[in-house]
Amino acid sequence: MSAPEPLPEPLLAAEGLAIHSASAIIVRDASLAVRPAEVLAITGPNGAGKSLLLRALAGLMPDGVRVEGGVHRPPGRVVLLPQGGPLTPHQTLGAQFAEVTGTPAEGRAVLWLERLHVSQAARRLHLYPHQLSEGVRWRAALALALAAEPRVLLADAPAAGLDPTVRARLLALLADWARETGAALILAGHTRDGVAGPADRLLALENGRLAPPPVSAEPVTAGPPPGGAPVLSVRDLRVTFPLGGGLFGGRASTLVAVDGVSFDVAAGETVALLGESGSGKSVLARAILRLLPGAGGRVLWLGRDLLAMGEEDVRHLRHALQALFPHPRATFDPRRTIGAQVAEALAALAPEVDEAKRRARVDEALADAGLPAVAADRCPAGLTDGEAARAGFARALAPAPRLLVCDEPLATLDATDREDLLAHLLHHQRADSLSIVFATEDADAACRIGHRVLVLLAGRVVEEAPAGVLTQDARHPYTRALLAAAGGGRPDLAGDPPPALRLPTGCAARLRCPRARDFCAQEAPHLETVRPGHRVACHYWDADAGEWDAGEWDAGE
Amino acid sequence: MDAGRFDPTTDTPAQAARRRFAAHRPAVHGVGALAVLTVLGFVEPLLAGPFATDPIVRALDAGHTTLALALVGGTLAAIVGAGWGVLAVTIGGRAERRLTALAQGLAALPLALLPVLAGGLLGRGVDLLILAVAAAAAPAAALATRTTLRARARREYAMAARAAGLTPAMVLWRHTIPNLAGPLLAAVWPVLPRALAVESFAGVVGLGAPAPVDTWGTLIGGALTAPFGAGLLAPALLLAAALAALNAVGDGVAASFPEERP
């Protein structure tokens, strides 16, 4: 075995870098170096200074911010792709490429776009940014950055806001580019933005310090699945929204958001609803609680059908059926204090509790959720994201519910808050045998805290299995892509999710699916049993791994 | 603390709105100017005896009438317009598009001519003038109401409150209406300067309030025919000041209720 090669010289290096604004030190004594063909990820919570650090590395500081310390930049271009991937609104894509590359030749622009898997690239060069979908817009912004042929590319929250499967694939393509061309790539973002996935090395920026991230504690996982009869049974639930039509007539159409979903939840059990945005998981979560009207099917709570009940009867059951929503701050009335709103909920749900006891229970619930006592007197705007999420937990758990339906409750949180609240949730589940329905787009969270996982696509369940089975032997390509995205891998699902009103015929995944064959367009697959408790809706679920790879080869991917 | 700075840890939203209004200098000056105009109207009778025909005294005398007409007409327009907008958003769908298109079409017409037409065709009268002024200002208020409701009404807190066991009526009265009141006030406020301008225009062309009633508009209209435009300056300046003050206060109200981000 030969001696290890000496490491190449770093392309971009910073030593003792400090960033000051007028009133605060944002980053202190940061040192980093990226070598050719290296991918570095910098993670950090909101407002940690990630964007400013990238701008300092690129030498593009805003007014009023001072930088100390040295940054060694390579000869050649250092390109910064700012947050949101902005494109110039009044120029076509082609014009923007011409500006970057210095030639009006379209051929190279098309190559760059195709490299980032933009379909019909030549046609899109004549479009303006507002005519592109979000996914294509991000691809175009990344392609423009690559077309500048940088030696170092600094990408700030690249592709954030896209679905995890799409984002993970784009980040993997970026990393491929860096490794092939020997450029250096720095990805900055939240941990939830998946920037760590394709990275060779990870740094965390927190409280102004840049350091390798602390070794995280054992992640929270659900306990063993409880047995017992179901408390909640959903049968063939269907939710639709009317479109068009109205008072003065007109052609009406219907958007089917949830189509024939059935599942059971036992006491103390967690069922995770996993899916991309637009898969119907939020609508399903709300329809279970009768916050949206169901168009068909049954939702049986302890044997009583919630969909068939009157509004007032459902209201009397709500103390047992509580909800957590995404954007916790927006779920509180901005004009009233947190304490008043938790008390209001308690008064409505448990009117038998008297005033003094109620106040004690509010304080207890807030303290239990990990909020300081002063938080009760604050309005929502005075809380951090983490505190607002805790306030949401306090309000939902104060009436001692038996079922908690969570719709992406942790989506806006930093990694630490997220783990804290998951632990809190599971603690309550064990203590009170709380049943949980947990909707998320994060396959990792779904499989860690769910006992069973339902994978949703275009309003239908495409795979359902115990969490352990799903992580080991997922059969649907869509499930595999979601798992790959959560694990930092490369999801094997092409393109962007189709818009809800223009779903392809047959299988909803077929336009993106590596296994798709002609038959997939003819008939939508039904759930078939793989093994007891594991069902999948894919015509070719039993295509084994080898055959699948061959199919991919044929498709010329 | 800095007057305009909103400190969410200590301020309630109502305090923050007051603080933002106080920090809006033109709006504070506008309130002052309107207060001065109102008070001068009360002082004027003391001067009326010896100087009753002086143009300045007559203009001050007309101030109360003018502002009262604008206030009544504007309030009527605000009620009709807000009702129109709320109705459109509540029904939704195609009916909302039709109602909005109607308001847009009307707002595009030169509605300032409405009181003039009414005065010319149906005869002059204070009641008719108020109705015509209100009709001229209402479509714009309807559009502003609908835009505000669309931007702010679909908030998660209403759904969360229902999940927390509140009845729809409780959600409406305790959460939705208090949260929309401020932004709606800001949205419909421009009807007041609009009503004042429309009413004054009718007065200037001689089809405003009938004879014994003086408004700034009718005074300006009368002065135009007088030799050298005698008596034009006082009502014109007061009208300009009142319009500027009303618009400035409107800006301040709008600044008090910025679009909040969740």
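A residue is termed buried if 20 or more other C-beta atoms lie within 10 Å of its own, exposed if 12 or fewer do, and partly exposed in between, with C-beta atoms placed from the backbone. The model shown is predicted, and accordingly local features need pLDDT of at least 70, side-chain atom pairs count only at pLDDT 80 or more, and totals for chains, interfaces and linings use all residues. Residues are numbered from 1 along each chain as its sequence is written, while chains are lettered from A and ligands numbered from 1 in the order in which they are written.

Figure 1. Ala155(A) is buried because 25 other C-beta atoms lie within 10 Å. Leaving aside residues up to four places away in sequence, Ala155(A) touches Leu81(A) and Leu187(A), where contact requires C-beta atoms, placed from the backbone, within 7 Å. Leu185(A) is 30 residues from Ala155(A) in sequence, and their C-alpha atoms are 7.7 Å apart.

**Figure 2. Positive phi values at Ala37(A) and Asn207(A).** Most residues other than glycine have a negative phi. Ala37(A), with phi near 65°, sits in the loop between strands E2 (25-34) and E3 (39-43) of chain A. With 17 other C-beta atoms within 10 Å, Ala37(A) is partly exposed. Asn207(A), with phi near 50°, belongs to the loop between strands E8 (201-206) and E9 (209-211) of chain A. Asn207(A) is exposed, having 10 other C-beta atoms within 10 Å.

**Figure 3. The hairpin of strands E20 and E21 in chain A.** Strands E20 (residues 528-531) and E21 (residues 534-536) run antiparallel and are joined by 3 bridges; strands pair if DSSP finds at least two bridges between them. Glu528(A) has Val536(A) of E21(A) as its bridge partner. The hairpin has 2 residues between the strands, and Gly533(A) takes a positive phi near 85°.

**Figure 4. Packing of helices H6 and H8 within chain B.** Chain B has 11 helices and 0 strands, and of its 262 residues 42% count as buried. The C-alpha trace of chain B spans about 70 × 50 × 25 Å along its principal axes. The axes of H6(B) (residues 126-152) and H8(B) come within 9 Å and cross at roughly 150°; axes are lines fitted to C-alpha atoms, for helices over the stretch in contact, and angles run from 0 to 180 degrees between N-to-C directions. The two helices, H6(B) and H8(B), are therefore roughly antiparallel, as angles over 145 degrees are classed. From H6(B), the contact includes Ala141(B), Thr145(B) and Arg152(B), and from H8(B) it includes Leu180(B), Pro183(B) and Val188(B). By class, this contact of H6(B) with H8(B) has 8 nonpolar, 2 polar and 1 charged residues; Ala, Val, Leu, Ile, Met, Phe, Trp, Tyr, Cys and Pro count as nonpolar, Asp, Glu, Lys and Arg as charged, and the others, Gly among them, as polar.

**Figure 5. The contact between chain A and chain B.** Chain B supplies 25 residues and chain A 29 residues. On the side of chain B that touches chain A, the elements giving two or more residues are helices H4 (93-108), H7 (156-163) and H8 (168-188). H7(B) provides the largest share of that side, 6 residues. The residues on this side of chain B comprise 12 nonpolar, 7 polar and 6 charged.

How values were computed
Helices (H or I, at least four residues) and strands (E, at least two) are DSSP runs, numbered from the N terminus. Two residues are in contact if their C-beta atoms, placed from the backbone, lie within 7 Å. Angles under 35 degrees count as roughly parallel, over 145 as roughly antiparallel, 65 to 115 as roughly perpendicular and the rest as oblique.
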